[in-house]
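Have the sequence and the 3D view open side by side.

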Amino acid sequence: MNDSLYVRVGGESAIRKVAQVLYDKIYTDETLQHFFCGVDRMAMSNKMQGFMRIALGPDSQSETAPNLRTAHRRSVGQGLNDEHFDCVAGHILETLRELNVDESIIDEILALVDTTRSDVLNR
């Protein structure tokens, strides 16, 4: 199969829906809420959509790491850690399942998400 994850997950419309549902979960999660106080929800959703376009696209993994460190530096200063990362990953899993994404694609996406852990947590 030569199609990128972006194509296999459903392209642009799926990316928009995933970001919307994901941030509905994140913004109401008591474990994560404090990282988003005063942060514009639409702006965050747009950033997530941009990240997903790059991360799920054909040859983009190397482009994501430097931006993830910068994007999460403030949150790391507020205590962002593995527990929070796992919580977001769990929300990604739930979101993809709710949107009826094939389990094999979900597995690939979660494996990709896990490769970002050290960059997100600025290690």
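Start where H5 passes H6: the crossing is right-handed. Keep in mind that this is a predicted model. H5 covers residues 82-98 and H6 covers residues 103-115, and their axes come within 10 Å, crossing at roughly 160°. Anything over 145 degrees counts as roughly antiparallel, so that is how H5 and H6 sit relative to each other.

Who does the touching? On the H5 side, the contact is made by Phe85, Ala89, Ile92, Leu93, Leu96 and Arg97, while H6 brings Glu103, Ile106, Ile109, Leu110, Val113 and Asp114. Sort the residues of this contact by type and you get nine nonpolar, three charged and no polar.

Now look along H5 itself. The buried residues of H5 are His84, Phe85, Cys87, Ala89, His91, Ile92, Thr95 and Leu96. As a reminder, an α-helix has 3.6 residues a turn, so residues three or four places apart point the same way. The cover over the buried residues of H5 includes H6, along with helix H2 (11-28) and helix H7 (117-120).

Finally, move over to helix H3 (residues 41-55), where you'll find Ser45. Is Ser45 buried or exposed? Its relative accessibility is 9%, and since buried means under 20%, Ser45 counts as buried. Leaving aside residues up to four places away in sequence, Ser45 touches Ala19, Gln20 and Tyr23.

Notes: Residues numbered from 1 in each chain as written. Predicted model: local features only at pLDDT ≥ 70, side-chain atom pairs only at ≥ 80, totals over all residues. Heavy atoms only, no water. Axes fitted to C-alpha atoms, helices over the stretch in contact; angles between N-to-C directions. Helix = DSSP H or I, 4+ residues; strand = E, 2+ residues; numbered from the N terminus. Parallel < 35°, antiparallel > 145°, perpendicular 65-115°, else oblique. Left-handed = near helix turned anticlockwise from the far one by under 90°. Contact = heavy atoms within 4.5 Å. Nonpolar A, V, L, I, M, F, W, Y, C, P; charged D, E, K, R; others polar. Buried < 20%, exposed > 50% of the residue type's maximum accessible area, 1.4 Å probe, protein only.
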